[in-house]
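Subject: Structure handover

Hi,

Here is the structure I promised to pass on. Please open it alongside this note, and note that the model is predicted. My findings follow below.

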Amino acid sequence: MIEDYHKLAEQCTFCGACAEVCPFFTATNDIKYGAMAKVEAARRLFSGEPLTDEDLKTIFLCTRCDECHKACPLNIPISVVIQGARAELRKINRVPEKYNTIADAIIKMGSPMAAPPEKRLAYIPEDFKPPERARYLYVPGCWSGIRLPETARASVELLMRSGLDFTVLGDREWCCGLFLIDTGMLREARMLAEKNTALFESTGAETVVTECPSCHDVFKNVYPKLFREPKYKVIHISELLRDLLRDGRLKVRQSGRRIAYKDPCPLVRRNGVEEAPREILSRVAELVEYNRKGWDALCCGAPAGVKPVYPEIAGRLAEMLIEEPARKGADIGVGCVFCMYHMGGFTKPSSPKIKTLSQIVLENLVE
Ligand code: SF4
Ligand code: SF4
């Protein structure tokens with residue numbers, strides 16, 4: 001995947017259409033953090049001009065959520081320009097130190113949190129012995145499998161209850177490398193693409209099911225560009241749960257609750273998965289929508305290094321995403337465990353409860 005970043009940025013006419021588009025404009029109401037300011041800073045960087053601290057800040061304040069792409073009349077993929085700018089800044093040692101810490105953790109330890117591999121065993125129920133080969137491979141990803149293992153366990157319990165022929169990798173699982181991709185480390189990401197593709201294929205799985213919408217996007221869309229097409233197809237857990245519910249292999253009851261669905265950016269904007277999570281939630285609750293939903297959903301503000309480098313600004317978006325369902329008297333169903341982890345850091349005892357789709361289905365399962 002060789003992108004001519006400079007050429008992409010050069011196409012920009014500074015028309016202003018994306019100037020006030022960006023979750024970080026929404027969070028700060030400051031045009032310095034809108035998408036156009038980011039393209040402008042990247043273009044000066046590519047031209048060899050010196051950058052100010054504010055220029056660097058706006059380049060690092062990007063989750064690569066792709067909200068701005070719809071705004072651009074020239075279809076400039078602004079998140080790709082940002083990826084290139086970060087790669088360029090890495091070459092001249094001007095990325096935040098936390099970028100290096102996270103990248104090292106992924107490359108050497110297999111997760112952004114540098115967890116020992118055995119941490120990935122905590123989500124596996126004692127009565128599940130993962131077979132070596134199966135038709136489906138469930139991959140929870142780092143945030144679900146390591147940081148919030150109860151979320152991955154809920155999915156595994158549902159798959160067990162449905163009778164699906166599936167397996168998991170446990171302590172052999174390795175990070176998808178999203179952070180490396182978001183920060184322009186494509187050579188290192190390609191090594192993970194090779195490693196993970198071979199590992200997944202060794203299980204003989206026809207379908208890889210991800211808990212994480214970013215793993216889903218990386219395995220499905222990025223690895224084939226970095227390495228090659230895999231022998232399996234890739235789906236998100238919401239697509240599998242929808243089918244298991246439709247087929248009657250899982251049965252649920254209505255809970256009487258109101259639940260707002262938070263669309264994950266890569267799932268909805270890069271992969272168009274919008275209806276499956278809503279169909280699942282509608283079976284167990286009254287579905288409540290955010291004012292900004294589907295393709296226009298507001299990013300949680302955490303990915304691509306924003307949460308560790310600018311936690312307060314990332315937190316403002318999390319608070320907005322908690323306050324709206326609270327006003328509407330709804331709990332929150334998420335399609336992304338990283339959204340859940342981030343938003344969960346800003347809840348109070350009176351806040352809406354945040355659960356994954358699998359947790360919500362499991363709570364309302366009929367024997
Ligand atoms: S990709 Fe998202 S975070 Fe990045 S500039 Fe565009 S809207 Fe902002
Ligand atoms: S909308 Fe496109 S052309 Fe206009 S300022 Fe943004 S990136 Fe440039």
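Start with helix H3 (residues 35-46) and helix H5 (residues 78-91). Their axes come within 9 Å and cross at roughly 40°. H3 and H5 are therefore oblique to each other. The crossing of H3 past H5 is left-handed.

Here is who meets whom. From H3 come Ala 35, Lys 38, Val 39, Ala 42, Leu 45 and Phe 46. They meet Ile 78, Val 81, Ile 82, Gly 84, Ala 85, Glu 88 and Leu 89 in H5. By type, the residues of this contact are 10 nonpolar, one polar and two charged.

H3 also packs with helix H4 (residues 53-60). Here the angle is about 120°, and the axes are 9 Å apart. That makes H3 oblique to H4. This crossing, of H3 and H4, is left-handed.

On the H3 side, the contact with H4 uses Ala 37, Lys 38, Ala 41, Ala 42 and Arg 44. On the H4 side, Asp 55, Thr 58 and Ile 59 take part. The residues of the H3 contact with H4 split into four nonpolar, one polar and three charged. Look at Lys 38 and Ala 42 when you have a moment. Both are listed in the contact with H5, and both are listed in the contact with H4.

Next, a single residue. Ser 162 sits in helix H8 (residues 149-162). Is Ser 162 buried or exposed? Ser 162 has a relative accessible area of 8%. The cut-off for buried is under 20%, so Ser 162 counts as buried.

Ser 162 has polar partners too. Its side chain reaches the backbone oxygen of Leu 159 at 2.8 Å. A polar atom of the Ser 162 side chain also lies 3.3 Å from the backbone nitrogen of Leu 164. Leaving aside residues up to four places away in sequence, Ser 162 touches Leu 244, Arg 249 and Leu 250.

Two further helices deserve a look. In helix H14 (residues 275-284), the buried residues are Ala 276, Pro 277, Arg 278, Ile 280, Leu 281 and Val 284. What do they pack against? The partners are helix H12 (237-246), strand E5 (257-262), strand E6 (285-288) and helix H18 (357-363).

H17 is mostly covered, with six of its eight residues buried. Those buried residues are Val 337, Phe 338, Cys 339, Met 340, His 342 and Met 343.

Best wishes

Conventions
Residues numbered from 1 in each chain as written. Chains lettered and ligands numbered in written order. Predicted model: local features only at pLDDT ≥ 70, side-chain atom pairs only at ≥ 80, totals over all residues. Heavy atoms only, no water. Axes fitted to C-alpha atoms, helices over the stretch in contact; angles between N-to-C directions. Helix = DSSP H or I, 4+ residues; strand = E, 2+ residues; numbered from the N terminus. Parallel < 35°, antiparallel > 145°, perpendicular 65-115°, else oblique. Left-handed = near helix turned anticlockwise from the far one by under 90°. Contact = heavy atoms within 4.5 Å. Nonpolar A, V, L, I, M, F, W, Y, C, P; charged D, E, K, R; others polar. Buried < 20%, exposed > 50% of the residue type's maximum accessible area, 1.4 Å probe, protein only. Polar contact = N/O pair within 3.5 Å; in protein donor to acceptor, adjacent residues only side chain to side chain.
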